[in-house]
Amino acid sequence: FWSLLLLVMIIYVFAILFTDCVTEYHSTYGPDGEVVLTRFFGDLEASWNTLFRSLLAGITWDEVATALGKISMVWAYLFQM
């Protein structure tokens with residue numbers, strides 16, 4: 001039970017982090033042309049879904065890391081850790 005709760009908390013914290021990152025990027029540069037970022041990390045639910053699906057092999061890590069790499073490679077590396 002506690003390990004599952006820890007996993008949920010880790011996913012939740014990283015979902016907040018990536019959502020904030022993408023929201024800040026959109027507010028600075030505008031959302032034009034970054035539909036993939038919005039689809040993966042546009043809101044907290046989308047971020048949670050993306051992280052959960054990437055853990056269960058429902059989506060490839062490369063696709064998500066490439067989208068985050070458009071913001072900065074630091075975010076892509078952080079996602080791949």
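## A walk through the predicted model

The largest pocket is lined by Leu 7, Ile 10, Ile 11, Phe 14, Phe 18, Leu 51, Ser 54, Leu 55, Trp 61, Leu 78, Phe 79 and Met 81. The elements that each give two or more residues to this lining are H1, helix H3 (44-55) and H5, and H1 gives the most, with five residues. The structure shown here is a predicted model, and in it this pocket has a volume of about 250 Å³. Sorted by class, its lining holds eleven nonpolar residues and one polar residue, with no charged residues.

Phe 18 belongs to helix H1, and it counts as buried because its relative accessibility is 1%, where buried means under 20%. Leaving out residues up to four places away in sequence, Phe 18 touches Phe 41, Leu 51, Leu 68, Trp 75, Leu 78 and Phe 79. In soluble globular proteins, nonpolar side chains tend to be buried together.

What is Ser 47 in contact with, once its neighbours within four places in sequence are left aside? The contacts of Ser 47 are with Ala 15, Thr 19, Phe 40 and Phe 41. Ser 47 is found in helix H3, and it counts as buried because its relative accessibility is 0%. Another serine, Ser 27, lies in helix H1, but this residue counts as exposed because its relative accessibility is 56%, where exposed means over 50%. Ser 27 and Trp 2 are 25 residues apart in sequence, and the distance between them in space is 37 Å from C-alpha to C-alpha.

The structure holds one salt bridge, which Glu 63 forms with Arg 39, the closest N and O atoms being 3.3 Å apart. This pair links distant parts of the chain, since Glu 63 is in helix H4 and Arg 39 is in helix H2, 24 residues apart. Is Glu 63 buried, partly exposed or exposed? Glu 63 counts as partly exposed because its relative accessibility is 35%, a value that falls between the 20% and 50% cut-offs.

The last stop is a point in the backbone. Ala 57 has its place in the loop between H3 and H4, and its phi is near 65°, a positive value in a residue other than glycine. Most residues other than glycine have a negative phi. Ala 57 counts as exposed because its relative accessible area is 70%.

How values were computed:
Residues numbered from 1 in each chain as written. Predicted model: local features only at pLDDT ≥ 70, side-chain atom pairs only at ≥ 80, totals over all residues. Heavy atoms only, no water. Salt bridge = Lys/Arg side-chain N within 4 Å of Asp/Glu carboxyl O. Helix = DSSP H or I, 4+ residues; strand = E, 2+ residues; numbered from the N terminus. Buried < 20%, exposed > 50% of the residue type's maximum accessible area, 1.4 Å probe, protein only. 1 Å grid on protein atoms, 1.4 Å probe; cavity = no way out; pocket = protein on both sides within 12 Å on 5 of 7 lines; lining within 4 Å. Points joined across faces, edges and corners; volume = space filled by probe spheres on them. Nonpolar A, V, L, I, M, F, W, Y, C, P; charged D, E, K, R; others polar. Contact = heavy atoms within 4.5 Å.
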